[in-house]
Amino acid sequence: MFPDYVFESSWEVCNKVGGIYTVLSTRAKTLQTVLPDRIIFIGPDCWADKPCPYFKEDKKLFSAWRKQAAEEGLKVKVGRWTIPGEPVAVIVDFQPYFSQKNEIYTRLWELYGVDSLHAYGDYDEASMFSYAAGLVVESMYKYLAPLSSPEGGRFIYHGNEWMTGLGLLYVHNRLPQIGTVFTTHATSVGRSIAGNNKPLYDYLFAYNGNQMADELNVQSKHSIERQTAHSVDCFTTVSDITARECAELLDKPVDVVLPNGFEDNFVPKGAAFSRKRKAARRHLLNVANALMGTNLDDDTLIVSTSGRYEFRNKGIDVFIEAMNRLLRDRNLKKKVLAFILVPGWVGEPRQDLQEKLQETLSTPEGTALEVPMITHWLHNMGHDNVLNMMKFYDMHNREEDGVKLVFLPCYLTGNDGIINMTYYDVVLGNDLCIYPSYYEPWGYTPLEAVAFHVPCITTDLTGFGLWVNKELGHEGEIQDGVKVIRRTDYNYSEVADIIKETVAAYSNLTADEVKNARKQAEQISKKALWRHFIKYYYEAYDVALRKAKARS
């Protein structure tokens, strides 16, 4: 069974704050082709009277429904999400529902036993948006169903993460004829266990999700996530490793695994690719040279890690450890410039670095700036994990050090004041990318790296790493384009050594061997395009529609 309409909601629709934005925005074009203007995304209106930078309002679009929605008290903007495919998007003002919060939570408890008593932080904000999104689905369904077919048509409501759980339960209760799909991209309890330095994998079979939620103070998030997983028509997640986590911590096996694909239309081709790569490398080297007073040339091996600032979960700690050990590796044949591209509590770009870049743009040399490890000042310089670990290991980017490590603690949007390049442009300039994650349900960063022909190192605790091993039929090596390291709860030191050895070995490869590794990386990325993975979404829609039909 295939839907006539799909409503899909997320806190990250028209709201670029994390990896789910990438999942949805790259998939949208594929769905828009199959369901033209019948895939409707619903996101939060976080901008009030200011224009949303990711949304273009179109007052002619669904104009009749907009009048109906206004009469029902919904405050919405209808238009298009400014991404490839430009799908229909509705952003909804959820602020009016805070006054009804207690009544909404009471009803949720009565119907589904969801515990909202321990709510704090972003729980209330996400829940009020989720409720508003549910109202939008209800209103649009009543408008569109009579226009679809005499029988009312087939409708799907797909929510992403616990933040959409309340709305999913609302629709499931009020509109049983709509098939509901819920995707958890990471369980709240699993992420908390890993982030609190507890062993997740060896003890997964023994953890009780409810008990751990109490211990780690995520009761309400866990409760809405668990009850939504049990109640919707089709429960999904993004990888086999997270599917095991769901079965153990949410006591609900997933119905379908939905791996994260992407579109490669943002990757430059041919001469443009070579030109942008050279420009990125030149600029990264200039910034590093200005910061450290060095004269690193184009033969330097540029490596990086990136992602959210989850020090242990994303493997930032083991990356620093590996770079420190690489300082003393005799097999290293090139100088290494390593970047940590992780947004921290950033204050402002360094004025001294800006001035030096302006003065010495072509051949930066001379003495290093004060604190030659960071490009932007932080609000918490004395309590930052990256800087403290570098200080502990006495890593101060001295002139004689063969490995230089630079912390770039801001979102790379192209106007940060120092790099002034987008994230993808920075990745393009790399020789190797390293993502030694401990907790990573899928792993977009390594997928993006290989799309730009940059070989990468990751672990088998990531959904992407496991998928690569399955595709290759063996554990990935750097010559395959992706090195997949076996990681456990306790082999931190071994992982650091393998990263160190892999980077040193890569520095010894011939030009042809490097060219082949880059080609293999590109080939792996081609297998992860949405046109290959979208079939799993169709399977999820089928599961949900069949259950909805039987129920209604």
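**Ground rules**

Residues are numbered from 1 along each chain as its sequence is written, and side-chain values use heavy atoms, with hydrogens and water left out. Since this is a predicted model, local features need pLDDT of at least 70 and side-chain atom pairs count only at pLDDT 80 or more, while totals for chains, interfaces and linings use all residues.

**Entry 1: the cores**

I started with the nonpolar cores, meaning sets of buried Ala, Val, Leu, Ile, Met, Phe, Trp, Tyr and Cys residues joined through side-chain atoms within 4.5 Å. Buried is under 20% relative accessible area, exposed is over 50%, and partly exposed is in between (1.4 Å probe, protein chains only). Which residues touch the most other members of the largest core? They are W81, I419 and F464, out of 83 residues. Helix α10 (residues 270-292) gives the most to this core, with nine residues. For the element names, helices (H or I, at least four residues) and strands (E, at least two) are DSSP runs, numbered from the N terminus.

I also noted a second, separate core of 56 residues, with Y97, Y112, V114 and Y157 among them.

Then I went back to F464 and listed its contacts (heavy atoms within 4.5 Å). Leaving aside neighbours within four places in sequence, F464 is in contact with W442, G443, P446, L447, V450, T458, V482 and I524.

**Entry 2: ring pairs**

Next I looked up aromatic pairs. Rings of Phe, Tyr and Trp (its six-membered ring) pair if their centres lie within 6.5 Å; planes under 30 degrees apart are stacked, over 60 edge-to-face, and the rest tilted. How many aromatic pairs are there by this rule? I get 32 aromatic pairs.

One of them joins Y201 and Y438, edge-to-face, at 5.2 Å centre to centre and with 75 degrees between the planes. Y201 sits in the loop between α6 (188-195) and α7 (209-215) and Y438 in the loop between β15 (432-434) and α15 (444-451), so this pair ties together parts that are 237 residues apart in sequence. Y438 counts as buried because its relative accessibility is 0%.

W442 and F533 are also an edge-to-face pair, 6.4 Å centre to centre with 85 degrees between the planes. W442 is in the loop between β15 and α15, and F533 is in helix α19 (residues 530-551), so the pair ties together parts that are 91 residues apart in sequence. W442 is buried, at 4% relative accessible area, and F533 counts as buried at 4% too.

I also wrote down one aromatic cluster, formed by F262, F266, Y423, Y424 and F452.

**Entry 3: F62**

F62 is in the loop between β3 (55-57) and α2 (63-71). Is F62 buried or exposed? At 15% relative accessibility, F62 counts as buried. Leaving aside neighbours within four places in sequence, F62 is in contact with D37, I40, V78, V88, M140, Y143 and L144. F62 and M140 are 78 residues apart along the chain, and their C-alpha atoms are separated by 9.5 Å.

I needed the rules here. On a 1 Å grid over the protein atoms alone, a cavity is a set of points where a 1.4 Å probe fits but cannot get out; a pocket is an open set with protein on both sides within 12 Å along at least five of seven lines; lining residues have an atom within 4 Å of a point. Grid points are joined across faces, edges and corners, and a volume is the space filled by probe spheres set on the points.

The second largest pocket has a volume of about 410 Å³. Of its 19 lining residues, R277, A511, V514, K515 and R518 are the closest to its centre. Elements that give two or more residues to this lining are α10, α17 (492-507) and α18 (511-526), and α18 has the largest share, six residues.

There is one cavity of 30 Å³ or more. The largest cavity holds about 30 Å³ of space, and its lining is Y201, I241, T242, E245, Y439, E440, P441 and L461.

**Entry 4: positive phi**

N397 is not a glycine, yet has a positive phi of about 50 degrees. N397 is in the loop between α13 (385-392) and β14 (403-407) and counts as buried at 5% relative accessibility.

N420, also not a glycine, has a positive phi near 55 degrees. N420 is in the loop between β14 and α14 (423-428) and counts as partly exposed, at 42% relative accessibility.
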